[in-house]
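Visitor: I would like to learn how to read a structure such as this one, beginning with a single residue and ending with the place where chains meet. Could you show me the model and take me through it step by step?

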Amino acid sequence: MTSIDIRGLTKRYGPVRALDDLTVTIEPGRVTGFLGPNGAGKTTTMRVVLGLDRPTSGTALVGGRPYATLPDPLRHVGALLDASAAHPARTARDHLLTLALTHRIPAARVDRLLEETGLASAARRRVRTFSLGMRQRLGLAAALLGDPPVVLLDEPTNGLDPEGIVHLRNLTRRLADEGRTVLISSHLMGEIARVADHLVVLGQGRLLADAPLDRFTASHASLEDAYFALTTPFADHAAPEGRRP
Amino acid sequence: MTLLPVLRSEWLKIRSLRPLLAALAGVFVATAGITVLVHAMVGKAEAGGPDFEPVGGSYYGLNFGHLAAVCFGVLAVAGEYTDNKAVRLSLMAVPRRGLFYAAKMLVVGAAALPVGLATGFGCFLGAQALLGEYGVGLGADGALRSAVGCGLYLTLLTLFSAGVAAVVRSQVGALCLLTPVVFLVSPVVGSIGAVRDVAAWLPDRAGQQILHPHPDGPLGAWSGMAVMALWTVLAVAAGWWTLHRRDA
């Protein structure tokens, strides 16, 4: 089973410390909710894990190896980082095929994932015509292409319709039950409370909590209350790298 | 991870975007089309004059058509850097950036070369046919060299533009940088006597020497092509350096 091991990770963008000596392990077989105010470093963490951003110091390993050294990365890690990360003039199916070809993943697998994510009828439409929810579904299909043991989802519920949210909830549950490592960031406390087994909370690039969901919420009325009690001093919305309000 | 699957992926990226195919077709249509049009209208009227030179004149349309090659090279690379940052997904699939970049450049070059050669021979044969008794064959001095050279010129210009786009990482930025150079700076500077010998070393000027049987200026046919190849190597290397150094 594959875990994500983050050791002493620091990422500076100019004078800003997006990540500040972060050490945490994301374990397999459970859904880990990834929480924190805007600009806390959640997306940066995922980007460094995926080798997109170079850390200032520290390491992020997937199954003991840096992502960039994995021989066939899509078969190890699937990620939904940015729902619109597809060329707008390409069709959904061609978009997935360009990714699949790099790993010799058959076109039949692409078609099955389009089916599973409810995009089969839109497969030959250009991505620019897609709603945000449809783009999220397409991003989810891309993340699952290689049937990976590790799945990273950055705010996957954005723009999803109720049906899509239920599908995502069932999917993340099933992936974790199959023994996979699932890390899902979200600002929807109710959704995280329903789906997560474990929580990792960041504030200003530092680890604030790493605990099972029930222990985290034990002395509070809800996950939301527990979250605010922990993060309010760290919610600096003027911080750069801040994402959508 | 090996080169072949990445090449197939990059090839699909080109095939699946209509603007890229349009730009590629535009190289042939604009260059050969304008050449044929001009020769059909004024070809024989000017033939036989003291400055008449049938080979170099065949590539008149290149003055316009080569912008399509610039567009193709820019769009093929900068398409990864639109607001959508498709490059992030590309690099998730192929995290070895050297492999990703090499495959992209190989495919862009491999798509441009046959189109460029078809354009070169299309221009030459079309123009000579319309020149009638003034026309020459491919066996004429420098003729075959010019047609092949036109193909090489368009391929190198495409790769040069692709390299610049990889540095600038923006369609608009790369086109704003390249279009004035190819359309304005080079022709204008090239026509001013005092600096003509300097302008001859610009990539497009240098590469176009091969279109003439007897190039004038400081560079010859193949030495000019070599200068253009050097520019291309520098641009592609700078693009690689940018991709290698920067966060995606």
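Guide: Let us begin with G36(A), which counts as buried at 1% relative accessibility, where buried means under 20% relative accessible area, exposed over 50%, and partly exposed in between, using a 1.4 Å probe and protein chains only. Please keep in mind that this is a predicted model, in which local features need pLDDT of at least 70 and side-chain atom pairs count only at pLDDT 80 or more, while totals for chains, interfaces and linings use all residues. Residues are numbered from 1 along each chain as its sequence is written, chains are lettered from A in the order in which they are written, and side-chain values use heavy atoms, with hydrogens and water left out.

Visitor: Where in chain A does G36(A) lie, and which residues is G36(A) in contact with, leaving aside its neighbours within four places in sequence?

Guide: Helices (H or I, at least four residues) and strands (E, at least two) are DSSP runs, numbered from the N terminus, and G36(A) lies in the loop between β3 (30–35) and α1 of chain A. Contact means heavy atoms within 4.5 Å, and, apart from those sequence neighbours within four places, G36(A) is in contact with K42(A), H187(A), L202(A) and Y227(A). The C-alpha atoms of G36(A) and T231(A) are separated by 7.1 Å, although the two residues are 195 apart along the chain.

Visitor: Is T43(A) buried or exposed, and which side chain is joined to T43(A) by a polar contact?

Guide: T43(A), which lies in helix α1 (residues 42–49) of chain A, is buried, with a relative accessible area of 12%. A polar contact is a pair of N or O atoms within 3.5 Å; within protein, one must be able to donate a hydrogen and the other to accept it, and residues adjacent in sequence count only if both atoms are side-chain atoms. Here the side chains of T43(A) and D154(A) are joined by such a contact of 2.8 Å.

Visitor: How many residues does each chain bring to the contact between chain A and chain B, and what area is buried there?

Guide: The size of an interface is often given as the accessible area lost when the parts come together. Buried area is the accessible area (1.4 Å probe) that two parts lose on being put together, summed over both. Between chain A and chain B this area is about 2,800 Å², of which carbon and sulfur atoms give 57%, and the contact takes 34 residues from chain A and 28 residues from chain B.
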